[in-house]
Amino acid sequence: MVDGKAKSGPLLDIRNLRIEATVYPPGEAPRTITLVHDVSLTLEKGKVLGLIGESGAGKSTIGLSSMGYGRGGVRITGGEVILNGRDILKGGKEGLRKLRGREVCYVAQSAAAAFNPAHRLMDQVVEATLLHGTATRAEAEKRAVALFRKLSLPNPETIGQRFPHQVSGGQLQRVMTAMALCSEPDLIVFDEPTTALDVTTQIDVLSAIKDAIRDTHVAALYITHDLAVVAQVSDEIMVLRHGRLVEWGGTRQIIKEPRQEYTNALVSVHEIEHQEQQPGTAPMLSVKNVTAAYGGGHVKVLKNVSVDIFPGQTLAVVGESGSGKSTLARAITGLLPPEQGSVVFDGRTLANRLADRPKEDLRQLQMIYQMADVAMNPRQTVGTIIGRPLEFYFGMRGRERDKRVAELLDEIEMGKGFIDRYPAELSGGQKQRVCIARSLAAKPKLIICDEVTSALDPLVAHGILKLLLNLQQIEKVAYLFITHDLATVKSIADSIAVMYRGEVVRYGSKSKVLTPPFDAYTDLLLSSVPEMEIGWLEKAIKGRRMESAGN
Amino acid sequence: MSSPIVKLVAQRIALGILLLLAVSVLIFAGTQILPGDVAQAILGQSATPESLANLREQLGLNQPAYIRYFHWLGGVLTGDLGTAMSSGQDIATSIKERLWNTLFLAFWAAIVAIPLAITLGLIAVRYRNGWVDKLISGVALASTSFPEFFIGYLLVFYFAVQHQWFPAISTVYDGMSLGERLQAIALPAAALTLVVLAHMMRMTRAAILNVMQSAYVETAELKGLSAAAVIRKHAFPNAIAPIINVVMLNLAYLVVGVVVVEVIFVYPGMGQYLVDHVTKRDVPVVQAVGLIFAAVYITLNIVADIAAIVANPRLRHPR
């Protein structure tokens with residue numbers, strides 16, 4: 001409440017909001033595109049509205065419009081944003097500065113990037129409060145410490161003296177929430193506040209945010225692409241697509257009785273039927289007692305790890321960040337030579353170092369990465385990118401190569417028309433498909449997939465997983481699938497290895513690993529995956545047996 | 001101060017000393033490769049094989065090069081830079097006063113140039129891509145593009161010849177008051193400032209603009225901070241390392257690169273001294289001045305490195 005005056009009507013009333021941006025496509029004249037088409041919404045005091053949609057749906061753009069802010073070259077070109085009874089778009093720059101950080105605060109996706117590395121946390125937490133003169137420094141700091149305590153941060157009295165890099169990601173996200181609450185705003189915009197966190201950390205942050213919203217009676221716009229997450233904190237949910245409203249309703253209605261087909265697709269995503277295959281007699285690749293370390297043996301990241309992968313099957317490796325999943329991939333491919341143990345492929349032991357491996361061994365093991373756009377040369381066409389392994393491993397040239405590239409493009413359901421396109425002209429899902437085609441071009445026996453769907457929207461990720469399963473049927477290729485997402489694992493794995501702090505804590509066929517009784521860590525991991533069910537969060541927090549590693 | 005910083009700083013200093021030794025070897029070797037030696041230079045046309053041999057014996061030039069190198073290095077380390085051939089004077093004594101003069105000029109040029117460059121850089125960022133930014137960049141680039149002797153003569157023409165505000169020749173001598181000294185060096189200091197300004201200003205602008213893309217700058221804007229406060233409080237502290245680097249490079253240039261400006265204004269500094277003795281082929285002086293320039297250059301670069309390390313909160317406050 002800014003001036004204590006009783007106001008009638010909603011806290012935030014956005015009417016026919018239109019947001020545009022000018023894009024500069026390479027080689028073409030600049031043109032204006034519309035990001036948000038006449039969207040309207042209202043939010044009552046103390047209520048939480050979830051904005052949900054895929055990337056490009058305009059949810060962050062709408063969220064930031066409540067502060068009159070446009071990222072990059074984004075402009076609000078039409079409509080009204082009425083906050084506390086006045087149209088903030090008419091208040092000029094000075095008016096916007098007065099409301100930012102006082103009436104509306106913002107919690108960013110990556111707190112690690114959103115905190116200034118050069119200043120102590122406390123200085124940043126109280127900055128807005130002091131700037132707007134709503135409290136003295138001593139009062140603001142007292143308030144901040146109380147908020148740190150409420151958000152169950154460790155050492156609430158002293159954590160403010162730390163610098164951002166001295167605090168873990170999950171804790172920073174909570175400090176950022178405290179920063180938003182510190183100036184006692186009427187509205188907080190949460191922009192994907194838990195997306196960058198591990199599931200086990202996400203649940204802590206989520207419940208801290210939910211408690212804080214309840215206790216301070218602040219209103220919130222909660223932006224996310226994860227419907228299960230937003231179902232835990234929102235009173236209402238608004239589904240957006242391509243900058244247009246799809247559906248707006250109560251949380252229960254949206255997740256239980258969606259009226260639009262698109263909402264239904266969002267709700268039912270992730271359900272892929274995959275019949276588990278039984279392990280064969282002889283494994284194709286065996287990791288035997290591998291121990292690996294960084295920093296000349298100082299930091300052991302893999303401890304005595306042994307797993308088997310059978311021909312044409314999928315082994316999923318699950319764990320939080322820092323559990324050693326990606327390091328296992330690096331050890332198998334020889335990028336990080338193991339200190340002890342060996343990797344046996346097709347009955348022979350592979351050289352430890354990548355440089356010592358013959359070309360044939362390199363061909364048999366291919367990798368696909370999380371960030372498809374940085375894994376491709378932006379100055380090469382799709383045809384060159386996919387054709388490169390054909391030339392390198394098989395010496396294919398000219399028409400023969402182009403024919404094979406076209407076949408591969410068909411296999412990834414993209415078609416010949418993409419052969420002359422550059423990566424920048426593709427969507428996220430298409431980029432990942434090209435990476436898949438490139439790895440398949442080598443005709444490998446094993447593809448290591450490192451978080452290949454983590455950066456994608458749920459529906460797109462769903463398509464990629466289905467594609468990978470189809471390709472497995474056609475090409476008889478095995479996958480080592482590294483992920484932190486258990487829903488993905490359930491969809492595609494034949495066997496599962498759960499990793500925790502460099503060790504395999506649970507390993508076996510999918511049905512065996514996912515059947516109780518669980519060890520404490522697997523239980524924590526499984527129970528932390530958000531379920532699309534109201535009240536799941538409280539139940540999950542209550543039923544936990546161990547603290548998450550990030551806390 | 002915590003251990004990683006101490007270790008890094010010690011490493012930089014050790015590396016700097018090593019580098020300086022290597023440079024001393026190069027300087028010594030370089031002057032040895034030149035045709036002729038000191039004995040020939042002293043005797044000139046009157047040299048006979050006997051007199052040459054005698055003088056070499058007398059000067060110790062018949063000893064192997066490495067022994068002479070260590071002899072020279074030992075002298076340098078104890079403050080004995082040898083004797084100038086041309087005048088027979090002790091080099092250390094003559095250099096002392098001139099080095100002080102050069103540092104005096106560099107100091108005042110820096111006092112004006114560094115804050116001015118950084119402030120202009122900040123202003124350029126605040127009004128980026130507007131006419132203020134373009135004006136600042138344009139003027140700064142133009143002043144850097146002119147050769148320093150041209151700027152020097154322009155300044156002399158306007159301020160010494162036409163208006164007679166400042167002397168055209170920067171003579172300084174013992175017993176001058178600070179005010180008189182400052183008036184004497186005003187023109188060379190201004191010339192130097194104009195030369196180094198643009199580089200530092202452009203780097204400040206680029207370094208801060210780079211940081212302006214960060215998420216934490218957006219956070220600051222969304223707190224309601226004004227554009228100037230965002231730049232000063234949130235962008236500048238994170239752009240400090242590259243700025244310090246370019247400032248130190250330019251400081252080094254102010255000491256080492258003043259030769260032309262000192263000659264134009266006949267200022268009795270190191271540059272003038274070096275040029276005089278190069279023309280006289282006075283090898284010991286050239287060696288000594290070269291070594292001092294190298295030491296200044298290396299020291300300032302170490303300072304830049306250390307400042308960049310200390311400016312990094314991750315190193316100052318380890319986990």
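Trainee: At what angle do the axes of helix 12 (residues 270-279) and helix 13 (residues 283-311) of chain B cross, and within what distance do they come?

Mentor: This is a predicted model. In it, the two axes come within 9 Å and cross at roughly 150 degrees.

Trainee: Why are helix 12 and helix 13 of chain B called roughly antiparallel?

Mentor: An angle over 145 degrees counts as roughly antiparallel. The crossing is at roughly 150 degrees, and helix 12 of chain B is therefore roughly antiparallel to helix 13 of chain B. The crossing is left-handed.

Trainee: Which residues make the contact of helix 12 with helix 13 of chain B?

Mentor: Helix 12 of chain B contributes Met270(B), Tyr273(B), Leu274(B), His277(B) and Val278(B). They meet Val285(B), Val286(B) and Val289(B) of helix 13 of chain B. By class, seven residues of this contact are nonpolar, one is polar and none is charged.

Trainee: Which residues of helix 12 of chain B are buried, and what covers them?

Mentor: Met270(B), Gly271(B), Gln272(B), Tyr273(B), Leu274(B) and His277(B) are buried. Their cover includes helix 5 (91-126), helix 11 (259-264) and helix 13 of chain B. Just after helix 12 of chain B, the backbone at Arg281(B) has a positive phi of about 50 degrees.

Trainee: What makes Arg205(B) a buried residue?

Mentor: The cut-off is 20 or more other C-beta atoms within 10 Å. Arg205(B) has 25 other C-beta atoms within 10 Å, and it is therefore buried. Arg205(B) belongs to helix 8 (residues 178-212) of chain B. Apart from neighbours within four places in sequence, Arg205(B) is in contact with Gly121(B), Ala124(B) and Val125(B).

Trainee: How many residues lie between the positions of Arg205(B) and Met176(B) along the chain, and what separates their C-alpha atoms?

Mentor: Arg205(B) and Met176(B) are 29 residues apart along the chain, and their C-alpha atoms are separated by 40 Å.

Trainee: How many helices and how many strands does chain B have?

Mentor: Chain B has 14 helices and zero strands. Its C-alpha atoms fill a box of roughly 85 × 60 × 35 Å along the principal axes. Of its 319 residues, 34% count as buried. Among the contacts in chain B with a separation of 6 or more, 72% join residues 24 or more positions apart.

Trainee: Turning to chain A, why is helix 15 (residues 398-411) called oblique to helix 16 (residues 428-441)?

Mentor: The helices of this pair in chain A pack at an angle of about 130 degrees, with their axes 9 Å apart. Over 145 degrees would count as roughly antiparallel, and 65 to 115 as roughly perpendicular. Leu408(A), Leu409(A) and Glu411(A) of helix 15 of chain A meet Ala437(A), Leu440(A) and Ala441(A) of helix 16 of chain A. Five residues of this contact are nonpolar, none is polar and one is charged.

Trainee: What makes strand 6 (104-107) and strand 10 (244-250) of chain A edge strands?

Mentor: They belong to an open sheet of six strands in the order 6-7-8-3-9-10 (chain A), with mixed pairing. Strand 6 and strand 10 of chain A each pair on one side only, and they are the edge strands. Neighbouring strands of this sheet are turned by 15 degrees against each other on average, direction ignored.

Trainee: How do you know that strand 9 (residues 236-241) of chain A pairs with strand 10 of chain A?

Mentor: Pairing requires at least two bridges. Strand 9 and strand 10 of chain A have six bridges, in the antiparallel sense. Within this pair, Val239(A) stands opposite Glu247(A) of strand 10 of chain A.

Trainee: How many bridges join strand 11 (residues 285-294) of chain A to strand 12 (residues 299-309) of chain A, and how many to strand 14 (residues 340-345) of chain A?

Mentor: Seven bridges join strand 11 to strand 12 of chain A, and this pair runs antiparallel. Five bridges join strand 11 to strand 14 of chain A, also in an antiparallel arrangement. Ala292(A) stands opposite Leu302(A) of strand 12 of chain A, and Leu285(A) opposite Phe345(A) of strand 14 of chain A.

Trainee: How many residues of each chain are in contact between chain A and chain B?

Mentor: There are 23 residues of chain A in contact with 16 residues of chain B. Helix 2 (92-99), helix 3 (111-114) and helix 5 (127-131) of chain A each give two or more residues to the side of chain A that touches chain B. The largest share, three residues, comes from helix 5 of chain A. That side of chain A has twelve nonpolar, six polar and five charged residues.

Note on methods
Residues numbered from 1 in each chain as written. Chains lettered and ligands numbered in written order. Predicted model: local features only at pLDDT ≥ 70, side-chain atom pairs only at ≥ 80, totals over all residues. Contact = placed C-beta atoms within 7 Å. Helix = DSSP H or I, 4+ residues; strand = E, 2+ residues; numbered from the N terminus. Nonpolar A, V, L, I, M, F, W, Y, C, P; charged D, E, K, R; others polar. Axes fitted to C-alpha atoms, helices over the stretch in contact; angles between N-to-C directions. Parallel < 35°, antiparallel > 145°, perpendicular 65-115°, else oblique. Left-handed = near helix turned anticlockwise from the far one by under 90°. Buried ≥ 20, exposed ≤ 12 C-beta atoms within 10 Å, placed from the backbone.
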